[in-house]
Amino acid sequence: MDIAYWTVASLLALFYVYAGTLKLTRSRERLRPMMAWVDRMPLPAVRALGAVELLGAAGLVLPPLTGVAPVLAPAAAAGLLLLQAGAIPVHLTGEDRRITLNIGLVAVTAVTLWLAVAR
């Protein structure tokens, strides 16, 4: 169970570190080719989403790694699951309608949540 959790959680955390860093550091113009929805959101909201993604990634990895407050790992996975569940309607109401990645992230995050609880 531990190997499965660390494999899935690490890959998910890497994705969210990448995506969150982009949202925190790049301009709207540089984000637009990858994330068409950024034009419909205020830039501070995009930055806040990036911060939430970085915190979620840290929550998946650091508590189990350090043994401090390990209950935060399932909470982080649940938060990231809610984040993606909220992202799907945002994509569907816009012009991009690309939700394949979001559905995949929902599935991977749900598995991560289940593995975190089962640990």
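1. Phenylalanine 15 is partly exposed, at a relative accessible area of 28%. Its partner is tyrosine 16, and the ring centres lie 5.3 Å apart with the planes at 80°, so the pair is edge-to-face. Tyrosine 16 is buried, with a relative accessible area of 0%. Here buried means under 20% relative accessible area, exposed means over 50%, and partly exposed is in between (1.4 Å probe, protein chains only). Rings of Phe, Tyr and Trp (its six-membered ring) pair if their centres lie within 6.5 Å; planes under 30 degrees apart count as stacked, over 60 as edge-to-face and the rest as tilted.

2. A word on the basis. This is a predicted model, in which local features need pLDDT of at least 70 and side-chain atom pairs count only at pLDDT 80 or more, while totals for chains, interfaces and linings use all residues. Residues are numbered from 1 along each chain as its sequence is written, and side-chain values use heavy atoms, with hydrogens and water left out.

3. How many aromatic pairs does the structure hold? There are two. Tyrosine 5 and tryptophan 6 form an edge-to-face pair, 5.5 Å centre to centre with 75° between the planes. Tyrosine 5 is buried, at 0% relative accessibility. Tryptophan 6 is partly exposed, with a relative accessible area of 24%.

4. Now the helix packing. Helices (H or I, at least four residues) and strands (E, at least two) are DSSP runs, numbered from the N terminus. Helix H1 covers residues 2–25 and helix H3 covers residues 43–66. Their axes come within 8 Å and cross at roughly 155°. That makes H1 roughly antiparallel to H3. Axes are lines fitted to C-alpha atoms, for helices over the stretch in contact, and angles run from 0 to 180 degrees between N-to-C directions. Angles under 35 degrees count as roughly parallel, over 145 as roughly antiparallel, 65 to 115 as roughly perpendicular and the rest as oblique.

5. The H1 and H3 crossing is left-handed. The contact residues divide into 18 nonpolar, four polar and three charged. A crossing is left-handed if the near helix is turned anticlockwise from the far one by less than a right angle, and right-handed if clockwise. Ala, Val, Leu, Ile, Met, Phe, Trp, Tyr, Cys and Pro count as nonpolar, Asp, Glu, Lys and Arg as charged, and the others, Gly among them, as polar.

6. Where does glutamate 53 sit? Glutamate 53 is found in helix H3. At 4% relative accessibility, glutamate 53 counts as buried. Lysine 23 lies in helix H1, so the pair ties together parts that are 30 residues apart in sequence. Both glutamate 53 and lysine 23 are buried. A salt bridge is a side-chain nitrogen of Lys or Arg within 4 Å of a carboxyl oxygen of Asp or Glu.

7. The whole structure has three salt bridges. One of them joins aspartate 2 and arginine 119, with the closest N and O atoms 3.0 Å apart. Aspartate 2 lies in helix H1 and arginine 119 in the segment after helix H5 (100–118), so the bridge ties together parts that are 117 residues apart in sequence. Aspartate 2 is partly exposed, at 43% relative accessibility. Arginine 119 is partly exposed, at 42%.

8. Aspartate 39 and arginine 32 also meet in a salt bridge, 2.8 Å from N to O. Aspartate 39 is partly exposed, with a relative accessible area of 44%. Arginine 32 is partly exposed too, with 33%.

9. Helix H5 packs against two further partners. H1 and H5 meet at an angle of about 140°, with their axes 9 Å apart. They are therefore oblique to each other, and their crossing is left-handed. Helix H4 (residues 72–93) packs with H5 at about 165°, with the axes 9 Å apart. H4 and H5 are therefore roughly antiparallel. H4 passes H5 in a left-handed crossing.

10. Last, alanine 87. Its place is in helix H4. Alanine 87 is buried, with a relative accessible area of 16%. Its C-alpha atom is separated by 17 Å from that of proline 33, which is 54 residues away along the chain.
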